[in-house]
Amino acid sequence: MPDNPLDIKQQKAVLSISDLSKFYIMGEVRVDALKHVSLEFYEGELAVLLGASGSGKSTLINIIGGLDVPSSGKLFFHGREITAATEAELTSYRRRSIGFVFQFYNLISSLSALENVQLVTEIAENPMSAKEALMLVGLGSRLNHFPAQLSGGEQQRVAIARAIAKRPELLLCDEPTGALDFQTGKLVLDVIEKVNRELGTTTLVITHNASIAGMADRVVRLRSGEVSEDRRNLTRMSPSELVW
Amino acid sequence: MKPLQIKLLRELMRLKGQMLAVAAVVACGISVFVSMSSVKYSLEASRERYYNRFRFADVFVQVKRAPEFYRETVSRIPGVASVSTRIYADVTLDVPGLDEPATGRLVSIPEYRTPVLNDIFLKKGRYIEPGKPEEVIASKPFLEANHLVPGDRIAAVINGRKKELLIVGMGLSPEYIYEVQPGSFFPDKRRFGVFWMSRRALESALNMSGAFNDLSLTLAHGASEKDVIMQLDNLFKRYGSLGAYGRSEHLSDRFIVDEIKQVGIQITFLPVVFLAVAVFLLNIVLRRIVATQRDQIAVLKAMGYSNEDVGLHYLGFAMIPTAVGALAGTLLGAWLGRGLMDIYSEFYNFAELVYYFRFEDVALSVLLSFAAALFGALGAVRKAVLLPPAEAMRPDSPVIYKPGFFDRDVLRNKIPVPVRIIVRNLERRPWKAALSVLMISLSVAILIAGRYTYDSLDRMVQVEFNEKHREDVTVIFNDPMPPSVVFNVASLDGVLEHEYYREEPVRMSFGHRVRRQTIKGIQSAEGLQRLVDKSNRRHSLPPDGIVLTSTLADILGVRPGDRLQIDFLQGKQLHRELLVSGTIDEILGLSAYMNLDALNRLAGDGGALNAAYLRIDESKSGKLYSSFKKMPGVAGIMMLKAMKESFDELIAQSMTTSTLILTSFACILAFAVVYNGARISLSERARELSSLRVLGMTRAEISFILLGEQALLTIFAIPVGFLIGIVLSALLARALSSELYRLPLVFSSFNFLFAFVVIVLVSIVSALLVRRRLTNLDLVEVLKTRE
Ligand SMILES: Nc1ncnc2c1ncn2[C@@H]1O[C@H](COP(=O)(O)OP(=O)(O)OP(=O)(O)O)[C@@H](O)[C@H]1O
Ligand SMILES: [Mg+2]
């Protein structure tokens, strides 16, 4: 439950999740990845999703992003039920509204930084230019470098540029710093924070690093597929102040 | 360009070796299809046009001599559209610059040019002028082979009198597209020619005024050839007819029809193999691409690319090399087709042999190759489309190693680690290994089948020109001669060995099956001519009864022990019954052999001879030949050597060309399969091999692991390929067999050796190419990337 009920009234829910469950059947064993999760995320919010390995973070974010479907429960995006969407509707939901950033950057190795971003601007409705997006993440001078010619942090920034170029309503980051060192990680978080602040994009960042939680408006913790904590930070720290 | 298209092109470039290999295989298949279909169509269309334009007849009959008014009678037979009568005669020629006598076939043409059946196409010079009996138009192959031109003269012995003929024109006729002397299979252009001459002149030279000895007719639409032939046989029996026949028994047409049929077989057979291999290659290459790009597929889908976008993108990996291959194949096919037509035009004398390159053929072949590409890509593309994006973010589930046969304790310690890795890999995916073996063995099989025709022709030459026929020349008489006359030939100075034979035209029947056939009465089966089958085995000749070529026995439906009904078409025209005492599986033509004495008895006459085989003293040949030229009754001679030469020149040349093409295509096929196999397994195992390197294995050891696997597959594939090749050759031999000839099934050890060496070389080359990549393997790079 949020600490300050008054705040909620002022904010609009972008995403509401009700009683969401997901299980996998592995032969005889049933793995419950998510158990009756109910949550709401609000416009412009920067939320951090914490939890141990295997607690269901990726499962949740994949369902939110329309990459996966829950076993039961409902998911609403701006009041539209995503869990009832057809394959084509899901595709257009991902195309229009969602920006994804993954732990392993997942850039297309045969495309340059610029072209990787253009993959998105090509199909989005009202994108910023690919160059603009790369400038935003501080890579204006590395436009024509291929992923193999970029450091991990730089690659992740390209991935962020790729995710935000379409001006998504929801930016979903699954352990964006997982593969990066401390300094580089901070740089990447800086960019995410900046995007959230400047573009007002509702942002969800998964991490199992609790110290990152300081930069968020809100911290949600998962334990064994259940929400074990949901709190708001009264003040948001800038990523450069974080220590871990 | 869109980023996805850029991605496609860049990645194709990165895989260019493999993609080019796929394109090359497609190109081979398409070029065979395009060239062969265009050649087939060109031959068919040229034949059709030629026949229509020059009114090639439908039914033919030769008689001894029949009154001209029968032309009227025949034209009233229901179903007959038009009739032409002619006079023809085979005469001895004295060709300037040629020692031996040549044979000329004189064929009458109207004095004033009017349209007739089997008309001539005047290639050079002019038509004969009325009132000039010495003027003739001669056939093109004969003139060219003897370097004669209109304006030259040539001497002929017509009806015992020597005459000077003036060549005024060079011509061709639909009757002689394949120009070959009677009784022979292979053209001897120098010693046989057709001469068209004024009917008036021939009438007076042969005492044939008011008569004809050759009649041909065209049928009205929908008429029954069989009925007309029956009527003709009734009419002309008493005029010494040997039976009327349709186009299917016309030697020249028969050759062309067979050729067209054979081209047709190649159209279906080869492209199917090549496209099947292309399907296989695209399948493994695309599966590999999709497997390595699981995460990219997930990302594309996460970005909002639809399943169709993703599917089309990966389909592009199959379509682009296929398109490149189809384009190259079409161009190559057009070029090959033209080349083949040039070879054919040396072989067959068409008025105009037009090369038609048809859009339909190209469209069909391109369509087929894209269907193949689609088929090959389907599995991988489906996988990419169906991949759930959340799933794809996780690496492919690791393969489960189960202890295999070679992991049993007994064996484990005796086998070195690299070998165990190889064997375990093959054991793990037996189907993939089996399919790879099959594909490599298909290229081996095509190599074998390609060289098989070569071996087969070699055997053909061996049997026909060395074993079966050992004479130097055959002297052919104008008319059947009594033995006493013929003995003069044998007593000439320079004749070392001689042997006579008799040829009797008969109608053979068994049950309801009837066939016109010549019985050959020979003195023995151990003399100059021997009975040799296609496996090069000798057969003996029983004193009584008849021995038939197996194909002829099949046509008649008889087996040794059956009794055949025989109607002699000449002389006393007796009806007889005859025991089939054996069959012989011969290479060329259809024959029926009897002991000469038995045939003489059966015919009920004192015996007559048609020709003599002679073995001669080379040093005395000149004198001998000039006495043949003067000898009355000698129609001409056939020289075995000349026939062998023409066989080598014409048939062997076209076969060598096609063998060359086939061999190069098989090499491409082998390379494509082996190289792709090695590249795929390099890509699959780069991580593992790098890890092994990091753990301290040497380059040589990891090369051994990777290439050893390919080597093992190749070693398995070679014997399998030999077997498939033998089966393929047998099928080919059967499909290409006709009444004209049967290909013997023989394989030289060189054939197998050749296939072996080619495949080993191809494997070594592709191993070297892959090894270069392996030694350049960037350990850090490979281990850094996530799989
Ligand atoms: N496809 C699947 N099949 C079976 N079980 C699965 C599958 N995907 C996830 N799981 C299980 O669901 C649970 C939650 O997985 P999830 O990936 O959401 O964890 P996570 O919190 O993201 O962990 P991490 O921090 O390691 O990424 C785990 O126990 C996992 O084993
Ligand atoms: Mg996770």
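Predicted model: local features only at pLDDT ≥ 70, side-chain atom pairs only at ≥ 80, totals over all residues.

Trainee: Where does ligand 1 lie?

Mentor: Ligand 1 is placed between chains A and B. Around it are 16 residues, of which Ser53(A), Gly54(A), Lys57(A), Ser58(A) and Thr59(A) come nearest; a residue is near a molecule if one of its heavy atoms lies within 4 Å of it.

Trainee: Which polar side-chain atom lies 2.5 Å from an oxygen atom of ligand 1?

Mentor: That atom belongs to Ser53(A). For Ser55(A), a backbone N or O atom lies 3.2 Å from an oxygen atom of the ligand. Tyr24(A) has a polar side-chain atom 3.4 Å from a nitrogen atom of ligand 1.

Trainee: And how much of ligand 1 does the protein bury?

Mentor: Taken alone, ligand 1 exposes 630 Å², and the protein buries 73% of that. These areas come from the Shrake-Rupley method with a 1.4 Å probe.

Trainee: Which element gives the most to the shell around ligand 1?

Mentor: H2(A) does, with 3 residues. Strand E1 (13-26), strand E2 (29-42) and helix H2 (57-64) of chain A each supply at least two residues of that shell. Helices (H or I, at least four residues) and strands (E, at least two) are DSSP runs, numbered from the N terminus.

Trainee: Changing topic, is Glu193(A) buried or exposed?

Mentor: Glu193(A) is buried, as its relative accessible area is 8%; buried means under 20% relative accessible area, with a 1.4 Å probe and protein chains only. Glu193(A) sits in helix H7 (residues 182-199) of chain A.

Trainee: What does Glu193(A) touch?

Mentor: Not counting residues up to four places away in sequence, Glu193(A) touches Leu46(A), Met215(A), Arg236(A) and Pro239(A). A contact means heavy atoms within 4.5 Å.

Trainee: Lastly, how many helices and strands are there in chain B?

Mentor: Chain B has 22 helices and 22 strands. Of its 787 residues, 57% are buried. The C-alpha atoms of chain B fill a box of roughly 100 × 60 × 50 Å along the principal axes.

Technical notes. Residues numbered from 1 in each chain as written. Chains lettered and ligands numbered in written order. Heavy atoms only, no water. Buried < 20%, exposed > 50% of the residue type's maximum accessible area, 1.4 Å probe, protein only. Polar contact = N/O pair within 3.5 Å; in protein donor to acceptor, adjacent residues only side chain to side chain.
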